[in-house]
Structure formats: structure tokens, C-alpha cells
Amino acid sequence: MRNWTRRGLLPAAALLALALPVSSGLVPSSTAHAAPRVTTPEQFFGFTLGSEGRLARWADMVRYYKLVADRSERVLYQEIGKTATGKPFPVLTVSSPANLAKLDRIKQINRRLADPRGLTEAQARKLAAEGRPVYLLEAAIHSTEVGTAQVIPNILHRLADEKSTTVTEILDNIVLLIIPAQSPDGTEWVGDYFDQTAGTTYARTYPDLYQKYIGHDDNRDWFMFTQPETKLSVALQNDWKPQVVQNLHQMGSGGARIFIPPYLSPNDPNIDPITVQQTNSLGMEMSRSLTAEGKKGVTWGSTYDYWTPSRQYMTYHGAPRILVEAASARDLAYTYTSSNGGPIGPQQPDTNFIEPYDQSSWSLAQIVDYLDTTVFAGLSNVAKYRAEWLFNFYRTQRNAVNPGAGKPYGYIVPADQRDPFATYELLTVLRTGEVEIEQATAPFTANGKRYDAGSWIIRYAQPYGRFAKTLLEVQHYPDLREYPGGPPQSPYDVTAQTLPMLLGVRVDTVAQPFSASTTQIRTVRPASPPFPAQPGARGAYLVGPESYGTAMFIAALQKAGVRTLRASAEFSSGGRAHAPGTLIVEPTAEARAALREVSRKTGVPVHAVGQAPRVAAERLKDGTRIGLYRGINNIPGGWMKWLFEQYGIGFTEVVADDFTGDLNAKYDTIVLPAGISRNDLVAGLNRDRYPAEWSWAYGVGEAGWAELRRFVEDGGTLLAIGDSVATARQLANLPITPALPSDEHEFYSPGSILSQRFDTSDPVAWGMRPDTPVWFGENDQAYTVSAGDVVSSFPESGEQLQSGWLIGGEHLNGKANVVKHRVGAGLIVTFGSEPTFRTWSRDPSKLLFNAIYHGPSTSVQPSAVPAALLGG
Ligand SMILES: [Zn+2]
């Protein structure tokens, strides 16, 4: 029994109960003997995992993992943190008792190999011979891909109990870490819902987000590190430096039976070639095992690519990502059968699809079986070639610290930045990825340019320089086509991740070595600008609009009930020029406390002036009532909800029921996230297929649709984001027309960063640079506008692409993106592309927050500003 500290606190009866099967009253015979074998999953769960229509529940699986750790000398159970809802996040460690007794030494060797500076090749060989590769297996990343969770008890039991040569070789040579569910919350919800709907006519698949905020995007979070589950997995990887990471997934039901790397083109060139080849060879090893066992329908080099770091943290840290995608069954756990009675999936063999699947049905048992084969094939290979895996890991990392010609020397983040909060967040992302950051202790010159003391330096030649490079550089995604002259070959996800653009931070690339006196940064902290003295009773606090952290100031001031204005024009005060959008805040103790707190968190400076400025302004509505529309399984809205909570924005989720009453009585501003069509809004979830707990998503009906229109006409503000602009356009007959060709031959922007021109005098664009680039994804649109205020548009000519991939950029020339429409007494702001895409796009998030508070605010004449601050 290891690391299950609660054991000692449990009464004997509870301990006995733990050993009992869940659904039968039988005591396994093994418990009667002195040296019991480990309870099998069948004994514990009362059925074979993968059985038709049955799913082991998450809570029971956790009890089983604890039981196995309790019974086996080969397994440790640990809870390494909490999920987004505060539930335990477990990790299993599996190896031989001898290895488990020296985990610290194993970890130490891995760390040394991960940072081979000062290590000779001979020393590395010795360490590789002594060490044990660490193999991280992540399951149930996507909770409805249920086979990936169900297979883990089988894998664990076999490793914990079997005395075969195969298992002994694995245990002696590998340390296996298992994350049995990357989203434990979702695994619980999906399993519970499946059980609750058994024997009903309801749909069996949990219909909502299966991670509190971001659902399926929980594996698109591997460079911004927003969610607690991501942070835990990254911390685990940073701690152990695994040599292999295998991710278990399921895909659609109708294609190949399983995908295993090699990936489809392209690879991110920042992944070390050795890592790519390790990926290819281990993937092929798994495919070979499946084929040898008669398991057909295996594909590689299709659908899934090796491009975006949002899906792959480990590849920049020396380990291949082995993505395994098994075909799904029907309704999670029921056999899928082909509609025509013939074999499922493509039937044309190819070099990357050796044996088509020849059966007309596909069951959960087969999913479990196929996944099990891949895991044991991977483990056996790494065990057999243990020292080679470790030595190749060393070589990968040696390449990182000796990158050779053709690579940048490094990156400089100048101390003097427009947005200190963005700079703090960018550096924090890099540090979380274990990138070494130095800070200059004196001014220095690089590439002929002088930099202030306090500037940050990121040298490329370091263990995780490749992670820094992929996030700091411009992406040049290759122009891949299905066939010459054909449509674009879709990337599996997006094509750009250039953080300096997304966050609005100036970062210079330096090709040649330079010298600077520096100190190494361990933890990145926000800047700490001096906080001003209390202004007099007729004065004001001022906060510039340049940082996207300005939203946090507004949120805090609103919460504290502090009178806040925003200057509508540039003004000078206290010997300083202040941009349009500058916050003008009443000089009270409440204001001071709120401002100080946010300034500490963001590093954004606060100023104080003895005389409140006399400038045209807007007075923000006290306690602006913000509604965020909640759509079922709406991932963009989930990301926004997370961002709103992070920034302390006071908001309520808007659901169908709200539309039966007076929306204006509840809300000043309603945000319609991307992904909400008129039909989603009006019809919603089918009430015959989903029980009453989902009534909030049943749809607002035609009356609700009319109420939303009335809400705007009566003075409400509606923000429509991305493809939901089409919904707002229908709602209010907005005078905008989609401008982009729908044919992908002509126009294609699969998640790229594009050029933009802002009217920074417009309240929606306050604080933006005139040319801040924007995110533009596959479902986004640009518009021709016949009336309304254009807040931002694409340049009239020139290069539209800033980073990623774009076909037909000329179709964007001069077209509008963000537009303001007066509708009755209210306001609709349409955002053709998502200003807060996955919260990666942070600099443009100002647009969203500006618009939220702008709609309900009132104009104040210059002479009336002092009085407005005093509550006039
Ligand atoms: Zn998946």
C-alpha cells in the first residue's frame, strides 16, 4: 500500500467493502487467501469492461485504482491536484517494486538527460543504461470517447497482477504514469448520464461540455495552460520528463478503425527530427502489433497532423506524442453496424491503410481491445529498447542545447512595453513550459539596437528553446492541397500561435550572439509600478486603455460600486498624454483599494491627478448587468466564461427561461458567443430527447426570438461573435453582407492571424493599436457594410496574412470585421472574427470588454466630468 494516506483512517468494514465487487454480493475468492491476487475488473465491476451497453462509472474506477494500489507492490495511487470543479485528479504510477523504490534516482537521471549541458556523451550513455524511460499514458481526455477510460482498469490489472515475461519486462524497464482521465469531471458526468438514461427514450450521450469550461477543447490548451487539468498534466510532465506520451482518443464511427502515427503532413519544424522519427517508429510498432493480432482497419498518415502546440506540449520537451484514435461505437457503448450490411469504412487498401476492416459491426469491446494492444505494443517496445529510448531522448535534448547553424540566437522582450500585463502573461506561458528567461541587469546592445535594463532575454540554445521558438515566431504553414490545383488539405486544427501578436507584446528576434549582464528569472512576477498618492477630493485616478488588463480594472471598480468614466478623446493631464478610453475614476478609498489590487495583479500603472480632467467622456453604468448566453456544448462560450471569471467580470449566464420575461429588466448587455445559430437559439435541445435537467437549453422559441429583438430596440446592447453574427443579422436585418467566397479554392483561413485596421477613436476600439492583428478562423466572416460604424476592417491592399495560412487574402481587402449598429434605442456590435478565440487572442479581447460597457454608458460633457465623478 503506497501513497493512499486515507487508508489508515478508514474503518475495517470500509476497507472490506472496497474489495467487494460493485454489483454482486460475492466476495472474490482471492480475498480469503493470505497472498491475494489483485481483484480483476470483472470481479470488481461485476462485468467485463467493454460489455455491450455497460460503462464502469468514474467513482467506481477510482475506487478500483485505489484498491489495486493497495493490493499490488507495482502500483502507486496519487491525487496530484483538483479539477476545475474541485474534484480529485488521480495519477497511477506503475513499475517493478525495485524501480518504485528508486523513483527519485530515475527522475534525477531523466532530468539530467533533459538538460545535457555539461554532460559528455559517455556519461549520457551510462545514465541511459542505468535509467528507466518514463511512459505517460493519458486516457479519457474527451469524456464521450468512453473506451479510452474503460480500457485502463484492464491495463492496470494486467500490469499489477500478471507474472508473464511481457509484463515483467515492461515493469523492470519502464516507469508508467497513467492519467486515467484527463477530464475526471466529464468522465463522471458522461457515465452518470448514461446510466440515468438507461431504459428511456432519451439520447444516451451527455449533451454538454465535458470539462467545466472548454469541453472538447481541453486538448487545445497545451500552450496557454488555462485549465487546472492542463496545468496538472504539464506539472507532471515537467516533473518526470517522460520519453513517451500516449494520448487515447476515439474518432467517428464510419472510417478506419484506428489511427496511429505517423501523422499527416505537416510537422511543426520546431519538433526535433528525432522526436518525429520516434513518433513514427513507435506508432508503426503499434500498428504492426494490431495487424499481427488480426486487428484490421489500421490507418496512419491521415487526418491528424503534427502542427499546433495547442495539442502537443510534450513534443517540444523531448517526447513523441502518440495519438491513438479508435473508431467509436453507437451511443457510447452499443455496437455500431454499417447501414448497408457491408464492411465498415473505406475498402481500398493503401500503403497507409494496409488492411481494410472486413466486418459490418464494431463494438465497445473492440475499442477496448484495440486500445489495449496499442498500449502494450508501445510499452513492450520502449521496455525492450530502454537504453536506446533514453539515449535518443538525450540526443534530442543535445540538439536543443546545441542547435547549430540557421537558428536564431534568441529573442528579446524589451522592458518598455505597451501592455505590462500581456508581457507578464507571455513570460508566464514560457516559464510554465520550463523556458529559461534571463533579465538584463544593465542596458545592452543587440543587433545594433539598445535595450534597457530589465529587458528579458530568451536564448534559443536551451533545453526548451524549441517551445519558445514555436510560440514566438511567425508560422509559415505550407500551402498543402488535396491534389495539385485542388482544394486545401485541411489542417487538423489551427495554423498559428504567434504569442507576441496574440497578446500584443513586442518581441525582437536576434540572429547573432550578443552579450548582456543578466540574472535568471525563476518565477515571473507582474511589474510593480509605484502606486500614486491619494488625489485630492477634486482629483481623479487615471488608468490607460492600452492593456487588455484594463477590463480587470473596470470589473473591480464595478464590483466596488465606484463611479468610473472613460475619456472619449485624448487629453493631457499631470504632464502626460492620455489616450481615448482612459479610465477616470473617483478619488475615494474604495476606488483606491480596487485599483491597487488590480494594479498589483496586472502590473498596469495607475495615475492620480489633482484636478479631474475636463474631457468629453462616457460614464459607465454602475453595476452594468452582463449576460453571457449559454448554449449547449458551446465551447466558445465556455472559453469566454472562463475569461470573464478570471477577469472578475460580474455576469450571469443567459438561458432559455430568461427570454420568457423582460430581458431589459435583467440585462444591459448580452453576449452571444460564436457557434449560436438562429436554430440553436430558437429550437435548442430537443425536449423529447433530453430530460428536464436540460430545460435551460430547450430553446427560446419564436416568442423568445422576438423578445431578443425587443431587448435591443428598447435600449439593450447585443454583441454577436464570429458565426453568430449571422444570427444577429437575421434578428435585426443588419445592413451587412458576407463578403467571402464559400469555395475553399478561393478563400481559406483555417485559424490564422490576419492584418487589421482599427478606428481607435471608436469606443469599441479604445486602447487598440491602429494595426493590431486579429485571429481569423474557419467559421469567421468579413462583411460588406452599407450602414453602421465600422470599427475595424481589413487593409485595402497588401498582405493580409500575418501568421499561419491564408488562401485568397485579396477577398478581404477593405472588408469590415467589427461593426456597430444602432437598432432602435439599442446597439448591436458584430465581430466577424472571434476577438477572444480560445482566450489565446487576448490583445483584441479589449474590443469585447469595451463594447460590453460602452453600450449601457452615457455621454458626459467635458465641463460635467468633475460633477459626474462626484455622483452628479
Ligand atoms: Zn478525442
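Colleague: What makes arginine 769 and aspartate 843 a salt bridge?

Modeller: In this predicted model, the side chains of arginine 769 and aspartate 843 meet at 2.7 Å, N to O, and because a salt bridge asks for a side-chain nitrogen of Lys or Arg within 4 Å of a carboxyl oxygen of Asp or Glu, the pair is counted as one. Arginine 769 lies in the loop between β33 (757-758) and β34 (774-776) and aspartate 843 in the loop between β39 (826-831) and α24 (845-854), so the bridge ties together parts that are 74 residues apart in sequence.

Colleague: Why is aspartate 843 called buried, and why is arginine 769 called partly exposed?

Modeller: Buried means under 20% relative accessible area, and partly exposed lies between that and 50%; aspartate 843, with 2%, is therefore buried, whereas arginine 769, at 24%, counts as partly exposed.

Colleague: How do you know that arginine 466 and aspartate 272 form a salt bridge?

Modeller: Their closest N and O atoms are 3.0 Å apart, which is set against the limit of 4 Å. This pair links distant parts of the chain, with arginine 466 in helix α15 (residues 465-472) and aspartate 272 in the loop between β7 (264-267) and α11 (273-292), 194 residues apart. Arginine 466 has 5% relative accessibility and so counts as buried, and aspartate 272, at 4%, counts as buried too.

Colleague: Why is threonine 315 counted as buried, and what is it in contact with, leaving aside its neighbours within four places in sequence?

Modeller: The relative accessibility of threonine 315 is 1%, so it counts as buried; leaving aside those neighbours, threonine 315 is in contact with Ile271, Thr275, Tyr306, Pro320 and Arg321.

Note on methods:
Residues are numbered from 1 along each chain as its sequence is written. This is a predicted model: local features need pLDDT of at least 70, side-chain atom pairs count only at pLDDT 80 or more; totals for chains, interfaces and linings use all residues. Side-chain values use heavy atoms; hydrogens and water are left out. Buried means under 20% relative accessible area, exposed over 50%, partly exposed in between (1.4 Å probe, protein chains only). Contact means heavy atoms within 4.5 Å. Helices (H or I, at least four residues) and strands (E, at least two) are DSSP runs, numbered from the N terminus.
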